[in-house]
Amino acid sequence: MADEANSPEPYLRIDRLSKHFGDFVALDKVSLDVFEGEFVCFLGPSGCGKTTFLRAIAGLDIQTSGTVVQAGKNISALPPSERDFGIVFQSYALFPNLSVERNIAFGLENEKVNKAAINQRVGELLDLVGLPDQGKKYPAQLSGGQQQRIALARALATSPGLLLLDEPLSALDAKVRTHLRHEMKALQRRLGVTTIMVTHDQEEALTMADRIVVMNHGVIEQVGTPTEIYREPGTLFVADFIGAMNQINAAVIGESQVSIGDKQFATRDHQYASGQSVTVAIRPEDIVPTAGDGQVTTDNSFVAEVEEMEFLGSFWRVSLSNKQLGDVNLSADLSINAIRRLNVEPGKQINVELPANSLWVFPDSAG
């Protein structure tokens, strides 16, 4: 109780938010607290409800039920114009007939800010996003990355308490996207503005977010830091959606023990009963190649045959099989040094270990 008493009040409190489109439930009693200065990513596949969630917070799609409280004020029924946020859309939505300066000034002009203050603020924002000399140009004269920076400057012009980003980088090419996400995160940290970003790009979420909200079918599957989401997945969906993951059909044979084919493995602790069908999951980078010439050193070790190899730049993704495991092919990510050291090549046998603390046990995915 003492921890709760000392914890800060959330800047944004969303309670049991639902959104129905006819018979379709886009959001189903979703609750979330966002704290001041946080960068939170809504992550999930297309159609999972993440954009609907963002639009409900903005008032662009009023929720069917539930409440949104921002800075202690219930904004659930307010129109977007009376809510305190700036928003950047995937398409930038810049006004093509207005110069860059006028685009940025748009919200300030609506608020009847005097011209001198507007000019000063526009200049500050152009400096902030690294485009001090582009004010007189029109959006069509800018690159996609520059347009996105101007859209961000426009969203920040009125100094909103909340910044909403709807897939802001998805229209850009990979190199620009990588550069801009670092810039945006640095800018958010510098300004301290509470930010929510919608993305389907797991790498984007992992590199930018303080916390990630993983969504699926209109509900929140898990909320946590990028490390927690990646290393401590709460469900098979989260484990599979974030990063690569081997999924193997298995049967429980005891506490922290499963059988895969004819072989037994120790796993992380789980609550499933003996005989129950489960799915065991392990990340490719957690499969450990071990030295040796066919000698199995632990219960979780076995000799595997290299089926295929795929070069991915900084590592090789190697497909492994073993007759004891039955019809199972495992993907293992091995460093270039490990490939050289063990002389790994298709058709060769290597020793590998599936460490018990890297073997997650989930309910049977088929069930």
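**Strands, sheets and a helix in a predicted model**

Reader: How many bridges join strand β16 to strand β19?
Author: The model is a predicted one. Strand β16 covers residues 301-311 and strand β19 covers residues 349-353, and the two run antiparallel. Valine 303 has asparagine 351 of β19 as its bridge partner, and serine 301 has glutamate 353. The number of bridges joining β16 to β19 is five.

Reader: Which residue of β17 stands opposite phenylalanine 311?
Author: Strand β17 spans residues 315-321 and runs antiparallel to β16, with six bridges joining the two. Within β17, the residue opposite phenylalanine 311 is tryptophan 316.

Reader: Which residue in the hairpin of β16 and β17 takes a positive phi?
Author: Three residues lie between the two strands of this hairpin. The phi in question is near 90°, and the residue that takes it is glycine 313.

Reader: In the open sheet β13-β12-β11-β14-β20, why is one side of β13 and of β20 left without a neighbour?
Author: Five strands make up this open sheet, with antiparallel pairing. β13 (263-266) and β20 (360-363) stand at its edges, so one side of each is left without a neighbour in the sheet: each has a single partner strand.

Reader: By what angle are neighbouring strands of the sheet β13-β12-β11-β14-β20 turned against each other on average?
Author: The order places β11 between β12 and β14.

Reader: Which helices are included in what covers the buried residues of α3?
Author: Helix α3 runs over residues 100-110, and its buried residues are Val100, Asn103, Ile104, Ala105 and Leu108. Their cover includes α4 (115-128) and α5 (144-156).

Reader: Which residue just after α3 takes a positive phi?
Author: Helix α3 covers residues 100-110. The positive phi just after α3 is about 60°, and it belongs to lysine 112.

Reader: What share of the contacts with a separation of 6 or more comes from residues 24 or more positions apart?
Author: The secondary structure of the protein comes to ten helices and 20 strands. Of its 367 residues, 48% count as buried. Among contacts with a separation of 6 or more, residues 24 or more positions apart account for 66%.

Reader: How far apart do the centres of the positive and negative side chains lie?
Author: The C-alpha atoms fill a box of roughly 80 × 45 × 45 Å along the principal axes. The protein exposes about 17,800 Å², of which carbon and sulfur atoms supply 48%. There are 32 positive and 46 negative side chains, and the distance between the centres of the two sets is 8 Å.

Note on methods: Residues are numbered from 1 along each chain as its sequence is written. This is a predicted model: local features need pLDDT of at least 70, side-chain atom pairs count only at pLDDT 80 or more; totals for chains, interfaces and linings use all residues. Side-chain values use heavy atoms; hydrogens and water are left out. Helices (H or I, at least four residues) and strands (E, at least two) are DSSP runs, numbered from the N terminus. Buried means under 20% relative accessible area, exposed over 50%, partly exposed in between (1.4 Å probe, protein chains only). Contact means heavy atoms within 4.5 Å. Accessible areas come from the Shrake-Rupley method with a 1.4 Å probe; for residues, only the protein chains shown count as cover. Lys and Arg count as positive and Asp and Glu as negative; His and the chain ends are not counted. The place of a charge is taken as NZ of Lys, CZ of Arg, CG of Asp or CD of Glu. Two strands pair if DSSP finds at least two bridges between them.
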